[in-house]
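Reader: I have a structure to go through for class. Can you walk me through it in plain terms?

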Amino acid sequence: MKKLGFILLLGVVGLLSSCKSDKPDPLVGKWLLSSESVEDNPDYFIFTKDDSGQKFSESGLYAESINGTWQYEEGIINLNYVEPNSYNVDSIEISNQSNGNSTTAFYSDSKHVASEIEGAVIAETTSKEIKVISLTENALVLKESGNRKDFTREVKVEQGMTFTSVIRGIVGMAFLLALTFLFSSNKKKIDWGLVIKGTILQVVIAFLVLKVPFVEQGFNWLSGLFVDVISFTDSGVDFLFGQMGVGVVQAPLITFAVKVLPTIIFFSALMSMFYYLGIVQKVVYVFAWIMKKFMRMSGAESLAAAGNVFLGQTESPLLVKPYLLGMTKSEMMCLMTGGMATIAGGVLAAYVFFLGGDDPVEQAFFAKHLLTASIISAPAAVVAAKILVPETEEISKEITVTKEKIGTNLLEAIANGTSDGLKLAVNVGAMLLVFIALMAMGNGILGWVGEVTDLNQMIAASTPYKDGLSFQFILGYVGAPIVWMLGVDSVDMVLVGELLGQKTILNEFIAYPRLGELKASGELTEKSVIISTYMLCGFANFASIGIQIGGIGSLVPSRKGLLSQLGMKALLGGTIASLMTAAIVGMMY
């Protein structure tokens, strides 16, 4: 135990020594237009700077916010962005080149607005220079088109891994572990060696992916491959919907129905095919062997924890079906918590679309983080489960992956996967419809209460929720203290707290689209978006309790009573595991 404590201490020292000692760029942060400069005070700038480049978001000068890149040198801020405008093209210029290729330029009122390059229409980038009159830690004065504008810093955004971010993350981790300990069923039997090893494993994986260049490049390649694979769905979508002109329809329902749901169906069929071919089992076996050797887990729970990284909470138990009847209470808890804390391959593709939209670069960026989140959450789920329900019985170290197939041949396996994906896609669509409608009904009732009590005016005047009392407002302020400990910037903690509440009480299919909206509008800093991506990456919600009891219970009916008994603790464990993962990433990003 002393050796493990020493190893953990060395890890903390290593993290602190890796922190950036230099101060971030003085311009980086969120700047709000001072109220004394203009009455309605709508404008803000957000400047970020990290490994992916220097990006900015501006709101208030246009009907929509603009996003682009920035450079600051010798008192001048240079902004480059694409204007969110619609143009009526009145002339086209085609230039033929000596190699036989041609380029097409589009003009509106003699202004060059777009070009066609290799079959894709690319909007022209707008450049703008803004003079900086003065810049201090908390004040920014700009001069644009002869007008002076005074901004104040709302919050100082920390960039990269700093001493403060590491200490804050350690405090958050300590709080989550203490909360888990509080709900433990047998505090004296907790295997603290396993807890420390599991925590170290999470930190090591996160550090490798986010801070070690060759590992990060490997995950970038893997995420790019993932995006390429799910893009093949477009061929099937074009065949079914191409004649409907769906590409020009902007309705959220159409976009969701023809872009997100088909990826769930395709990826479900693909995973079923890989399972039949034995590829999934081999990858899972390697992960399970590593976890068993490092954390000294039983063979069954090692397989279950590893399987949850790639399969859903009802598919993963198939890997350990022969063990289910004889699993100890602690092993069953580990299986259920892992299912709550990780995600299935099919929905991973949907989350990529929610956050990355149609941009392949953005899709690859978030695919990397979602894959990392699911991997890190596996040991995090084990840590939470083993504190909540410690092992008190004899366990078997044997690892044997079931030979059971999902079909009698490859075609049947693909067909079964397609059917399962269709059921999941329909279920996701139905859940969204019902939960959004219920939330709207609840907001209607709360809005009436706020109107009668004058709460709406008070809330609109002093919070980000301009519609007054609402479901989102309540969730935001309840979750705000928790997400602050994860490393979320103070200015964003209410909105991120809202996301945590939506994910837990409703589900992640409500929370991720909302995160996508906040990201697109520039209302969250990039760090808060990344932490939220990890925090939401799991199935820990109340509906999943019923899903697990029904799914796992169908494989071993005699243990439905135990599954029901462990349901709430598995939800708590899965939530804490995702929060631990987010806290670790918050230290480093």
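Author: One term comes first: a residue is buried under 20% relative accessible area, exposed over 50%, and partly exposed in between, with a 1.4 Å probe and protein chains only. At 9% relative accessibility, Ala269 therefore counts as buried.

Reader: What kind of model is this, and what was counted?

Author: This is a predicted model, in which local features need pLDDT of at least 70 and side-chain atom pairs count only at pLDDT 80 or more, while totals for chains, interfaces and linings use all residues. Residues are numbered from 1 along each chain as its sequence is written, and side-chain values use heavy atoms, with hydrogens and water left out.

Reader: Back to Ala269. Where is the place of Ala269?

Author: Ala269 sits in helix α6, residues 252-277. Helices here are DSSP runs of H or I with at least four residues, strands are runs of E with at least two, and both are numbered from the N terminus.

Reader: Which residues is Ala269 in contact with, leaving aside its neighbours within four places in sequence?

Author: Ile414, Gly417 and Thr418. Contact means heavy atoms within 4.5 Å.

Reader: How many helices and strands does the protein chain have?

Author: The protein chain has 19 helices and twelve strands. Of its 589 residues, 51% count as buried. Among contacts between residues at least 6 apart in sequence, 68% join residues at least 24 apart.

Reader: Pick a helix. How many residues of α9 are buried?

Author: Twelve of the 13 residues of α9 are buried. Among them are Ser330, Glu331, Cys334 and Thr337. The helix covers residues 329-341 and reaches 18 Å from its first C-alpha to its last, close to the 18 Å expected. That expected span is 1.5 Å times one less than the number of residues.

Reader: New topic: aromatics. How many aromatic pairs does the structure hold?

Author: Seven. Rings of Phe, Tyr and Trp (its six-membered ring) pair if their centres lie within 6.5 Å; planes under 30 degrees apart count as stacked, over 60 as edge-to-face and the rest as tilted.

Reader: Which strands do Phe47 and Trp70 lie in?

Author: Phe47 lies in strand β2 (residues 44-50) and Trp70 in strand β4 (residues 66-73), so the pair ties together parts 23 residues apart in sequence. Phe47 is buried at a relative accessible area of 0%, and Trp70 is buried at 1%.

Reader: And what about Phe56 and Tyr81?

Author: Phe56 and Tyr81 form an edge-to-face pair, 6.1 Å centre to centre with 85° between the planes. Phe56 is in strand β3 (residues 53-59) and Tyr81 in strand β5 (residues 76-81), 25 residues apart. Phe56 is buried, at 3%, and Tyr81 is buried, also at 3%.

Reader: Which residues do ring pairs link into a cluster?

Author: Phe45, Phe47 and Trp70.

Reader: Now charges. How many salt bridges are there?

Author: The count comes to five. A salt bridge is a side-chain nitrogen of Lys or Arg within 4 Å of a carboxyl oxygen of Asp or Glu. Lys128 forms one with Glu58, their closest N and O atoms being 3.7 Å apart. Lys128 lies in strand β10 (residues 126-135) and Glu58 in strand β3, so this pair ties together parts 70 residues apart in sequence.

Reader: Are Lys128 and Glu58 buried or exposed?

Author: Lys128 is buried, and so is Glu58.

Reader: Which residues are linked in a network of salt bridges?

Author: Glu498, Arg514 and Glu517. The side chains of Arg514 and Glu498 meet at 2.9 Å, N to O. Arg514 lies in helix α16 (residues 508-521) and Glu498 in helix α15 (residues 493-506), so the parts joined are 16 residues apart in sequence. Glu517 and Arg514 meet at 3.6 Å, N to O; they are three residues apart in α16, about one helical turn.
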